[in-house]
Protein chains: 2
Amino acid sequence: MRIKRLVLLGTGLIGGSFALALKRAKCVDYVVGVGRNPANLARALELNVIDEASDNAAAAVVGADLVLLSTPVGQMGALLQQIAPYLPLHCVVSDAGSTKQDVSALYQQYLPQHLSRCVPGHPIAGSELSGAAAAQYGLYEGRRVVLTPLPESATESVGLLRTLWQACGAEVFEMSALEHDGVFSAVSHVPHLLAFTYMNALLDRHNAPLCLDFAATGFRDFTRIAASHPEMWRDITLANKSAILHDLKANAAQLAALIECIESQNAQGLTEQIVRASTARNQWGRKSR
Amino acid sequence: MRIKRLVLLGTGLIGGSFALALKRAKCVDYVVGVGRNPANLARALELNVIDEASDNAAAAVVGADLVLLSTPVGQMGALLQQIAPYLPLHCVVSDAGSTKQDVSALYQQYLPQHLSRCVPGHPIAGSELSGAAAAQYGLYEGRRVVLTPLPESATESVGLLRTLWQACGAEVFEMSALEHDGVFSAVSHVPHLLAFTYMNALLDRHNAPLCLDFAATGFRDFTRIAASHPEMWRDITLANKSAILHDLKANAAQLAALIECIESQNAQGLTEQIVRASTARNQWGRKSR
């Protein structure tokens, strides 16, 4: 498995770290980084993350064996549209988007003749850092990558992505885009949204500054994700709307049940709810990192 | 300020660390530890946390200058009732309960003749450890203690507690019990309850084990407090019922507004909500530990 020409559409932390890991594993010969920020591309060249920089996605994919879309999901539709006429027949296309039903629909829309070579994916890795300067060998060591093949994805295309991500040190899983979006709504998207709503309810208090002054470690950890990037989370929320709405409504129902329990002084019911949550979280803590 | 006889009603982490700090600061001559667990009291004696052990609160307070109630709040009413007939006139009584309106009411109920000597308090310190063996010098160094004096509390009683907590290295604040309970509902009690309800909504999913398998660092921090002690949190919730219900309903309203925003694809409204939360959390992070 050797990629002669890898094209990164988006040359930041995610794409850059993929290129570095594949170079070290001797799985790739030549990397072209496409992006809109010349300073970022210059830094990527300087750090040998990429071998060539380009601001033209269509020209860059000519002769490519693998294209990885590693921009925010909101830019992927336009990029797929630009590269469609220039994509070599054998070239495999994948992405690193954190929602998968919407990206799958973009492949269907813009590359309908090329679907056997398309493999949507999601590396579960990241950092508060961004940009090519943050790209690092080893970002994917021991991390997980979820592939969500299309019905049309060819076995060998999926196998290529699996092999390459494994060469980066990652553990590769497959599930449907629907299942992926449900899982990540539940364990990532919804906690972020609940942390935002909690902060806003707190800010509405007449004595919010005093409250924030006495907030301690429990608050710190519970709200850490509320500091996340607004545009990114707006996009994820709208992209994964139906799974997120399902989970938010389930949370609203749980909250209503809790309020009912407290209002009726139902100590037994309250204990049962807390014990259920606490038991599950303690079990998870013992199994996990 | 020198206490000849300090009586701890409850000889665990909180009371034991108070005694150790006051001994080191030479503010106390003799410490009596009261408790129901003989092994714990034996350990407290062995570690010189206390100088005398007792299972009889009424007998222990005879000759006391200061009594600190450092049991769970649920045991404080019975203890106050037991000691009431034996409490020396000059003896100051305080506590370390994490809710203050309910404890204030207990002083009013059981020590109506003694209120000038009663000073409700809440040291904002703790640990996942408990028991006398966990007591440590320095637990209160740089931590905060909130005193919530009763209308009847004498200035010199409040001053004594202030001086002693400062001798433990703590920073002392005063506010009303009502304000205290509002602040700690907002920044501590409600985050715990929201973490419980989130866990329970997740557990209701048909694919909960798969979700938990893919849960990562955001989930870990957001739910850390969901692993907390069920009985303790049931008691706090019922003790601070009205402040907590106010905040839970504010959270339910925020959640309903968010759901409405997402359902109507209101990207602008969604952005505003996220920016508000994210800005405030980033500001807090820069100011705080």
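Is A:Arg224 buried, exposed or partly exposed, and what is its relative accessible area? A:Arg224 comes out as partly exposed, at 36%, where buried means under 20% relative accessible area, exposed over 50%, and partly exposed in between (1.4 Å probe, protein chains only).

A quick note before the views. This is a predicted model, so local features need pLDDT of at least 70 and side-chain atom pairs count only at pLDDT 80 or more, while totals for chains, interfaces and linings use all residues. Side-chain values use heavy atoms, without hydrogens and water; residues are numbered from 1 along each chain as its sequence is written, and chains are lettered from A and ligands numbered from 1 in the order in which they are written.

**View 1. A salt bridge links A:Arg224 to B:Asp221.** The two side chains come to 2.5 Å, N to O; a salt bridge here is a side-chain nitrogen of Lys or Arg within 4 Å of a carboxyl oxygen of Asp or Glu. A:Arg224 sits in the loop between helices H9 (217-223) and H10 (230-239) of chain A, and B:Asp221 in helix H9 (residues 217-223) of chain B, so this pair joins two chains. Helices (H or I, at least four residues) and strands (E, at least two) are DSSP runs, numbered from the N terminus. B:Asp221 is buried, at 12% relative accessible area. B:Asp221 also has a salt bridge with B:Arg220, with N and O 3.1 Å apart at the closest. B:Arg220 itself is partly exposed, at 30%. Shared partners also tie A:Arg220, A:Asp221 and B:Arg224 into one network of salt bridges.

**View 2. A:Glu263 and B:Lys249 pair up in a salt bridge.** Their closest N and O atoms are 2.5 Å apart. The pair crosses between chains, with A:Glu263 in helix H11 (residues 241-263) of chain A and B:Lys249 in helix H11 (residues 241-263) of chain B. Both ends are partly exposed: A:Glu263 at 38% and B:Lys249 at 40%. Over all chains, the whole structure has 24 salt bridges.

**View 3. B:Val187 reaches across to chain A.** Setting aside neighbours within four places in sequence, B:Val187 has contacts (heavy atoms within 4.5 Å) with A:Tyr198, A:Leu202, A:Cys211, A:Leu212, A:Phe214, A:Ala215 and A:Phe219. B:Val187 is also one of the residues that touch the most other members of the largest nonpolar core, which has 75 residues. Such a core is a set of buried Ala, Val, Leu, Ile, Met, Phe, Trp, Tyr and Cys residues joined through side-chain atoms within 4.5 Å.

**View 4. Helix H5 of chain B has several buried residues.** In this helix (residues 101-110), B:Asp102, B:Val103, B:Ser104, B:Leu106 and B:Tyr107 are buried. Their cover includes, among others, helix H4 (76-83), strand E5 (92-95) and helix H7 (177-203) of chain B.

**View 5. Domain 1 meets domain 2 in chain A.** Domain 1 covers 3-175 and domain 2 covers 179-287, with bounds from an automatic or database domain assignment. The contact takes 10 residues from domain 1 of chain A and 9 residues from domain 2 of chain A. Together they bury about 830 Å², 65% of it on carbon and sulfur atoms; buried area is the accessible area (1.4 Å probe) that two parts lose on being put together, summed over both. The count of salt bridges between these two domains is 0.
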